[in-house]
Amino acid sequence: MARLHPGRLAAVLALCLAPAAVAVPASNPQRGLDAEQLAIVINDDDPDSVAIGEVYRKRRGIQAANVVHVRIPGRPQALEPGRFEALRQEIDSRLGSGIEAVLMIWTAPYKVGCQGITAAYTLGFDAALCAHPCGPGRLSRYFNARGGRPYGDYGMRLSMLLPLVSQAQAKALIERGIDSQPARGRRREPSHAWYLTTTETARNARAMFFPMAGYLPAHKLTVHRLHADALDGASGVLVYQTGKAHVDKLDTVRFLPGALADHLTSHGGELLDSSQMSSLRWLEAGATASYGTVGEPCNHWQKFPNPSVLLRHYLNGDSAVEAYWKSVASPGQGVFVGEPLAAPFR
């Protein structure tokens, strides 16, 4: 397993080993980000982005002032750092101080150099990381953050990509995010969180952070730890985290609205041109948000979502974009995808 500098390792372990032992959230539920604090970015050179951007604006009640239009011709998979920095400044110049997160509504571009486009937007382009992509990466100050606003308190505007494999799939993803939030008078549906240790040993680097198996009655959530290469026929799935280059039998899994799912592998964030399974497959299978890395990060566990940190913050009321960003200690090579405002435990 890849290692951090001892001092940094101690700091990260202190933050996340305790949640690994107990998945019960803190006693003060968080409010989570809402539509007033989210800006959406639409690529006017991409007809699907324009169409789905309007759907998202209406369904989530996004204010007109929080809609940013840009032009990225040709749907490139990657942007050069200089072109991206100009785009980043263009977006930021149109945002008010109350905007805590940004949703880019397109599939491509999804990377900037060695970085996922969401990491490059939120953290800034890191030339040193791209010079040494197998290094441990820079620690995020938002990792396992206990409260506050990402931009107001941490100086980080979170970002996520809402991909457009098809307009029908994008609309279904939006509806899953909306349906995830509990309606008044509706009983919470029993759910399951699955954590798989697989036969691909190098991709089990975060298994030591899997939450303990058991039942959380306050959330009607059952946590499972399993030695297997894939789930087969599971239903009521709210979380599915594993380590595999390709995850089989996703068509047999029934995800709940708001489900989070990802696999530790090097190229999951290569959304459209990967030798491994793209993170888009999770969304196509019914998950609501996911994460993957672009390029070769090596199997540093801190570059992938920490299972216990992710679950604890999600159960405590965070939105999907907050919980996912808090769960990755060194997210510089990652891309976060999905519907950011999903919040089953709001």
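A disulfide here is a pair of cysteine sulfur atoms within 2.5 Å. Keep in mind that this is a predicted model, where local features need pLDDT of at least 70, side-chain atom pairs count only at pLDDT 80 or more, and totals for chains, interfaces and linings use all residues. Residues are numbered from 1 along each chain as its sequence is written, and side-chain values use heavy atoms, with hydrogens and water left out.

Searching the whole structure turns up two disulfides. Take C114 and C130: their sulfur atoms sit 2.3 Å apart, and at -85 degrees about the S-S bond the link is left-handed. This pair ties together distant parts of the chain, 16 residues apart, with C114 in the loop between β5 and β6 and C130 in helix α5 (residues 127-131). Helices (H or I, at least four residues) and strands (E, at least two) are DSSP runs, numbered from the N terminus.

The other disulfide joins C134 to C298, S to S 1.7 Å. With 60 degrees about the S-S bond, that link of C134 and C298 is right-handed. C134 lies in the loop between α5 and α6 (150-154), and C298 in the loop between β13 (289-293) and α9 (307-315), 164 residues apart.

Now for the sheet. Its three strands run in the order β3-β5-β6, open and with mixed pairing; two strands pair if DSSP finds at least two bridges between them. The edge strands are β3 (78-79) and β6 (115-116). Strand β5 (residues 111-112) pairs with β6 in the antiparallel sense over two bridges, and V112 has Q115 in β6 as its bridge partner.
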